[in-house]
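Here's a quick tour of one model, with a look at a helix pair and the nonpolar cores. Have the structure open while you read.

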Amino acid sequence: MEVANLSLQTVQKRYGISADDMIELYKKMLIIRRIEESCQLAYDRDKVGGYMHLFVGQEALAVGFIAAIRPDDYVLAGYRDHAYALTLGMTPEKMMAELFGRATGCSKGKGGSMHIFDKEHNFLGGYGIVAGHIPIATGVAFASKYRKSDQVTLCFFGDGAMNAGVFHESANMAGLWKLPVVYVIENNLYALGTSVERATAQPELYKRADAYGMPGKRIDAMDVLNVRKEAQEAVDYVRAGNGPIMIEAMTYRLVGHGVADKPALQSYRSQDEVSEWRTHDPIPALGKLLVDENILDNDKLNELDVQAKQIASQAYEFADKSPEPPLSELFTDVYTDMKPEGHERWQ
């Protein structure tokens, strides 16, 4: 992380950020990290049904990008979606309860980890089908343009989703109609256990943008200050009416693809590789900068960590004590509400 070696004056000049804002970025990344670790604990204790994908190592990506948008902009993501909801403002309790399948969850416990949704904060969902949300995000951007608003849509998806057909159809439409969408590729080098080089003829994924009439750029997404700066430039470009843009955010998950993908099973990558990427962990890197520049001392960093762990622990306890949804919820919020024909047979 280059920024850790720069002076505070240089950082503020290069990235246009105050010391207070840097602390906020640090706190958000730290809270996400501790909550994700608590999610893993809940899964290991059989508290969570279904499957789950954690964001450990990728915190700078969500925190940096969402720092660059307005509250009325839209965000959609794939199945690795917890961090986006939390950064946008969903309470940890509501998100954790959703994982536990409880009535107090954001979708009354019906969605689970891969379908976090928060209308209040314009998070239009995490989606479990690879690339399935890309045309939805493109449609949201179309709606913004149709209404003549200047709202921007952020669409996050993994490197593996780049090879799905709907990605190409959506990108072509967005480029053709100059839609206000930022496509963000979470390139963590692996689609589950398949490396980008083994699955994609052109591994420099951002270069595909040119085929769809939009600019593309690859950025370092392990540096939250750099992500924030690049995201702001991309969002400003799109909001100005220039059409879509594609950002390939180079990041790395320090844990497995999903919670069941334990280190012992990860034959697709070496522990030396994981160890090397740990040296680029965005949280200690920013913490080092804050200490080196006397913005915070180590005692304060430790205090923030204790607070983050308490937030995660409180969310876990809230979810664990929350009630399960009543059986009557089986027939609400589903297509059976559509009448008149075909309704009765589902009752």
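Where does Glu303 lie? This is a predicted model, and in it Glu303 sits in helix 12. Its relative accessibility is 39%, so Glu303 counts as partly exposed. Ser149 is 154 residues away from Glu303 along the chain, and 43 Å separates their C-alpha atoms.

Helix 12 (residues 298-321) also has a partner: its axis and that of helix 5 (residues 92-99) come within 8 Å, crossing at roughly 50 degrees. Because of that angle, helix 5 is oblique to helix 12. As for handedness, the crossing of the two helices is right-handed.

Here's who meets whom across that pair:

| Helix | Residues in the contact |
|---|---|
| helix 5 | Pro92, Glu93, Met96, Ala97 |
| helix 12 | Ile311, Ala312, Gln314, Ala315, Tyr316, Phe318, Ala319 |

Sort the residues of this contact by type and you get nine nonpolar, one polar and one charged.

Now for the cores. The largest nonpolar core has 81 residues, and the members touching the most others are Phe65, Tyr84, Val182 and Leu225. Helix 2 (residues 19-44) supplies the largest share of this core, with ten residues.

Which residues does Val182 touch, leaving out those up to four places away in sequence? The list includes Phe65, plus Val152, Thr153, Leu154 and Cys155. Also among them are Ala234, Val235 and Val238, along with Ile245 and Ile247.

Conventions
Residues numbered from 1 in each chain as written. Predicted model: local features only at pLDDT ≥ 70, side-chain atom pairs only at ≥ 80, totals over all residues. Heavy atoms only, no water. Axes fitted to C-alpha atoms, helices over the stretch in contact; angles between N-to-C directions. Helix = DSSP H or I, 4+ residues; strand = E, 2+ residues; numbered from the N terminus. Parallel < 35°, antiparallel > 145°, perpendicular 65-115°, else oblique. Left-handed = near helix turned anticlockwise from the far one by under 90°. Contact = heavy atoms within 4.5 Å. Nonpolar A, V, L, I, M, F, W, Y, C, P; charged D, E, K, R; others polar. Buried < 20%, exposed > 50% of the residue type's maximum accessible area, 1.4 Å probe, protein only. Core = buried A, V, L, I, M, F, W, Y, C linked by side-chain atoms within 4.5 Å.
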